[in-house]
Amino acid sequence: MISKERLMRDFAVMKEITAPGEGITRLAFSAEDWEGRAYLMRQMEAAGLTLREDAFGNVIGHYTGQDESLPALMCGSHSDSVPQGGNYDGLAGVLAAIETVRSMGEDGFRPEHPLEIVLFMCEESSRFSAATLGSRAMRGELSMEDLHSLHEKSGKDLYTVLKERGLRPDAIAEALYQKPLKAVLEMHIEQGKVLEHEHLPIGVVTGIAAPSRFYIDIQGNADHSGATPMHLRHDALCAAAEIILAVERAAGAQEEPPAVGTVGIVDVAPGVMNVIPGAVTLGVDLRSIDIAARNAVEQHVTEALDEAAMRRGITWTMRRVSKEIPAQMSPALVDMIASTAEELGMRYRRMPSGAGHDSMHWADYAPTGMIFIPCRDGISHNPAEYADPEHIFCGVQLYSAVVRRLSQRAITLD
């Protein structure tokens, strides 16, 4: 039986594992992230899981099935956070998987298929400007070149950070996951307002939007702010302002299927009041569950850049961070989650995910599904992030029921 009290205890312990300051800060591979990882590993071992870690630090806990020759079910999520974030993003999915295994042992339920409970590392993009790196490593999508090209703000590259954590970046290719899987399942807070607005406890995810992320470097001329006439200026920041609005305009015009666009980084040089900005770097994040829609927005942005460059006498270059492929959830698994919710008397809706998740990297490997639970006011990546214990309990009950159902040999997703 799922224990709400045990779940709340784990959330309370993890809430105390954070860097000083408001909210939760467990940046990937930081001391706080590693302390939280160690706590979760202890809970996994106590639940009867046999642990192993790969070259990137992903933790995989194996739960023995009655027939080890059958493909496993993969369950899990992440526990790192953004700076000053919340204690539910990612962690809810990790604890749902651990509590599911605990309840199996207590209830004397032994799955026919084995389970693989995964704590994915570095899901958030906050430290290295690239998301879901643990999943990418397990899918063979993270190269040695990536480890050296991805840097934190201090300039230290991901390769060095992994080395400092005692991991094996030189063996990154060995992180490739090659075992057969029957299905992949993740639970997560919605990070939006739909479920709360509709007073629904459960969302059944149909697809996951994927980001296209890149930096735009705009080069103008840094001239004296008083001595340079307006018509002779090549102001990089004025050009950047046009591009920021172009991102908003292009994403807003993409109605069906929808897209979203955000400029979350604006670095201006030299950054003093009496000098015309000579260089600006913009960090751009574009998303859609439809790759053609997202590409259309990006095309509009590059056209706006070309037009601004010609008119203002500036130049620009793009540095790609990632261009991920949107994922469609398995229709059969979506139907199974929905029918299980109905059997448990839980109200739900089918819905897309606007945020990216680890699960998106597994949809082409095995049937993949996600369960959403509401978060208060739709807030996430913020100290105010909160999920009601009753909603967590409801979500984990559904999650556990789906896992138990999938763990039976007779249940297929054909």
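How many bridges join strand E7 (residues 210–219) to E10? Eight bridges link the two strands, which run antiparallel. The structure is a predicted model, in which local features need pLDDT of at least 70 and side-chain atom pairs count only at pLDDT 80 or more, while totals for chains, interfaces and linings use all residues. Residues are numbered from 1 along each chain as its sequence is written, and side-chain values use heavy atoms, with hydrogens and water left out.

Helices (H or I, at least four residues) and strands (E, at least two) are DSSP runs, numbered from the N terminus. Strands pair if DSSP finds at least two bridges between them. An open sheet of four strands is arranged in the order E8-E9-E7-E10, with antiparallel pairing. Its edge strands, each pairing on one side only, are E8 (260–269) and E10 (315–323). On average, and with direction ignored, neighbouring strands of this sheet are turned by 15 degrees against each other. Within the pairing of E7 with E10, Ser-212 has Lys-323 in E10 as its bridge partner. Helix H9 (residues 291–312) packs on the sheet and touches E7, strand E9 (279–288) and E10; contact means heavy atoms within 4.5 Å. The direction of H9 makes about 165 degrees with that of E10.

Two packed helices are described by the angle between their axes and the distance between the axes. Axes are lines fitted to C-alpha atoms, for helices over the stretch in contact, and angles run from 0 to 180 degrees between N-to-C directions. The axes of helix H1 (residues 4–15) and helix H3 (residues 91–107) come within 10 Å and cross at roughly 140 degrees. H1 is therefore oblique to H3 (angles under 35 degrees count as roughly parallel, over 145 as roughly antiparallel, 65 to 115 as roughly perpendicular and the rest as oblique). Residues of H1 in the contact include Leu-7 and Phe-11, and those of H3 include Leu-95 and Glu-99.

Cys-122 is in the loop between strand E4 (115–120) and helix H4 (133–138), and is buried at 0% relative accessibility. His-381, in the loop between strand E13 (368–373) and helix H11 (389–406), is partly exposed, with a relative accessible area of 39%. Buried means under 20% relative accessible area, exposed over 50%, and partly exposed in between (1.4 Å probe, protein chains only).

A cis peptide bond joins Glu-256 and Pro-257, with omega about -5 degrees. Pro-257 lies in the loop between helix H8 (236–253) and E8.
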